[in-house]
Amino acid sequence: MTCEHALAARLTPPSSSTPVYKEECTQCFDSQDMAEGVDVCLSCFNGGCPGGPYNHAHQHSMKSGHYLTLNIRRSAKAPADSDERPAKLTKLEICEDTGADDYEYHTFVRCWGCSGARIESGLENIEPTVQAVIHAVEASKGHEIKAWAEEVTACQHVNDLSGQVPRDGFSLDTLHQCSACDKRENLWLCLTCGNVGCGRRQYDGSGGNNHGISHYEATGHCVSVKLGTITPEGTADAYCYTCDDNKMDPHLAAHLRVFGINVAAQQKTEKSIAELQLDQNLKFDFSMTTADGAKLEPVAGPGLTGLKNLGNSCYMASVLQCVFGIDRFRDRYFPTAADHFAMCTQLNPAQCMLCQLHKLANGLWSGRYAALETNSEGGVAHQAGIAPSTFKAAVAKDHYEFSTMRQQDAFEFLLHLEKQVDVAERSVNSGNSNPNKVFDFTTEERLQCLGCQKVRYKVQPARSVSLPVIKRPLDAGLAPVSLAECLELMTAEETIDGYQCPECERPTQAVKSTRFASFPKVLAVQARRFELVNWVPEKLDISVQVPLGEVSLEAYRGRGIQPGEEPLAETDDGAPAVAAQQPVVVDEEVVAQLESMGFPRVRCVKAVSKTGNCGAEAAMTWIFEHMDDPDIDVPETASTTQTEPPADVNLAAVEQLAAMGFARDRVERELRSSGGDAERALDRLLSIPDDDEAEAALGNSTEPVAVDDSQSGNSAFELTGYVSHKGSSVHCGHYIASVRHGSGADSKWFMFNDSKVVVQEMPQPEQAYVYFFTRVD
């Protein structure tokens, strides 16, 4: 049929940069592979399910007044008879799969203004938009890379390479062995003089003998190329030691011609750095078997839905499985999904964080998308899982790390997720329904001057703790430690030299310790399993013995000021006198080492400054210990030297933050104090109570600040989830999650390895990186 809405439609086809959601509904995980397909709005290109229990396409149409949609349904073609075996993976890339060879596509236009009736095809005012949608790239793929290779660019040292002169004795015959040892693999050619040096020694003794970097340190020749990776197309692994990073050499053919090397005649014989990284990831295709070789039982159902790996997204999937295994998160977003979608005023659900939280909770807990599949032998196979693409795009929007396809730190993502939930929840019921409150607790910091013996107590809000893992070498490996030993170390006293005591009025020594002032409903714990070895962060393979039963934290509770203790006079700082008198000039070499580990520069500078230039290891420890600080990303110059905040603030930033539910005067005050930086202002707004009196009490009170639960005094906990990191390096590897469902005798553990979910009869939290303990009430 042809309706009035179709005849009167004035549609604009999507451009190449317009997001088109055509593979999956933006409010649930119904996809184009299901019987009803997906309806794509021909006005704003939102994707909605047209049937089933939700019918989000109709809901979107009624809200927006966009009546015309294109229904897209995909069905698999029957497999062709062929004896040809699939080609072995030899190239490091994930090519875009258009599905043209494996699927058939069925499309038609419908009008929701006419009760979903089908519209006659080929209308000249509609057909151009229809064809543009059909050929558009799915929005979830629009910002993804097409290959698992680092984004490598050239640098000025490569572009300005000059003075190329082959060294004395150079010949093509010298290219097959390191000039300083007998290594014949992982060889790097200096593009300045033609010296051949072996690569860096790895943690396990493999790799080279560091002769390539030794040549750079002796000569200053900074650009080298890896022999064996040169291709006839003129590409190869290049490295700049001055930039300390992989680089692209756009003039490689010309640079190699100086040494008599014709790239057209070269044959690639060694794996590139990106291929070696892919090999490392492929090793983590777990067999999903127990220690005795028995296969673990695959499961599926409500709360047992796997998350597809989007490409190095295991850090996100493992954290989400643990977080949405918490009752408060499940109850906040799963049963209320339909109500939120009905009331949400955001016409593009893909850009609404609350919509994506509800969508994810529904996907994980409805059971609608969790079904075991059948393998080629007719046996039970793992489920396909759901792809959290729109959630990742929403939660990681504009973030310089999480918006990429690179592997990230799971604990850092947990902190980022909490911040995004805080921001989203501010717009709903003044944040009173924020599930993050299960993590809220307070710590008690006790400081005592050893000169006058007087004490000061300070109560501060927190959401997690970072536990040091004790390193005790054995003849073979490292000795295991207990959770209690790590907690004792975390709460132990530390000595502060040069403390400027307000009572003694001179530099003295002081001791400081931190304990729990109150306890959260769920305690998130990071185990710091890293140390610096030769200025490189190395993972510590230490077993932390964590009980699966009840754990009491009563011994680590702060008691406030005790009888006989005299309070110190209140001051704004208790910094060492030396630090107060003269600012620390940071060691840029140490800062660069920390930056190379992936820490943001502002944290590196602050850590080096706070630790008094005591080296990279002390600075890295400081970063781990202060990850939860609200001002962790506030530059030192902004907080210590700025005396005249800007008189005016950006009105757009004020409106943006005020729209999140913050009082306008607070927004303006925090923007001024943060030098106009909206991100820093937001961090302070989220971390400081709304009421000024509550803020003052938080800084000076010796009593625990009220948290979300009336039973916050209970100190008994049980382990209910953990995230484990598999791999020897902090830069690669794989994350998996283990989550306990139920309690008492009815409880059962499950392991989530991306889309694979299995029963875990014997949980192994000893090697976990992030733990979640639930309070026993």
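Tyrosine 499 has threonine 508 of strand E18 as its bridge partner. The structure is a predicted model, in which local features need pLDDT of at least 70, side-chain atom pairs count only at pLDDT 80 or more, and totals for chains, interfaces and linings use all residues. Residues are numbered from 1 along each chain as its sequence is written, and side-chain values use heavy atoms, with hydrogens and water left out.

Strand E18 spans residues 506–516 and pairs with E17 in the antiparallel sense over six bridges. Strands (E, at least two residues) and helices (H or I, at least four) are DSSP runs, numbered from the N terminus. Pairing requires at least two DSSP bridges between two strands. Both strands belong to an open sheet of four, ordered E14-E13-E18-E17, with antiparallel pairing. Strand E14 (455–462) and strand E17 (494–501) stand at the edges. Each has a single partner strand, so one side of each lacks a neighbour in the sheet. From one strand to the next, the twist averages 30°.

Two helix pairs were examined. Axes are lines fitted to C-alpha atoms, for helices over the stretch in contact, and angles run from 0 to 180 degrees between N-to-C directions. Helix H18 (residues 601–610) packs on helix H19 (residues 616–625) at about 115°, with axes 8 Å apart. H18 and H19 are therefore roughly perpendicular (65 to 115 degrees; under 35 is roughly parallel, over 145 roughly antiparallel, the rest oblique). Their crossing is right-handed, meaning that the near helix is turned clockwise from the far one by less than a right angle (anticlockwise is left-handed). H18 contributes Arg603, Cys604, Lys606, Ala607, Val608 and Lys610 to the contact, and H19 contributes Ala619, Trp622 and Ile623 (contact: heavy atoms within 4.5 Å). By class, this contact has six nonpolar, no polar and three charged residues.

Helix H21 (residues 651–658) and helix H22 (residues 664–673) pack at about 130°, with axes 9 Å apart. That angle makes H21 oblique to H22. H21 passes H22 in a right-handed crossing. The contact involves Ala653, Val654, Glu655, Leu657 and Ala658 of H21, with Arg664, Val667, Glu668 and Leu671 of H22. It has six nonpolar, no polar and three charged residues.

The count of salt bridges comes to 20 (a side-chain nitrogen of Lys or Arg within 4 Å of a carboxyl oxygen of Asp or Glu). Arginine 368 lies in the loop between helix H12 (353–365) and strand E11 (373–374). Aspartate 30 lies in the loop between helix H1 (4–8) and strand E1 (38–41). The pair therefore ties together parts that are 338 residues apart in sequence.

How values were computed: Ala, Val, Leu, Ile, Met, Phe, Trp, Tyr, Cys and Pro count as nonpolar, Asp, Glu, Lys and Arg as charged, and the others, Gly among them, as polar.
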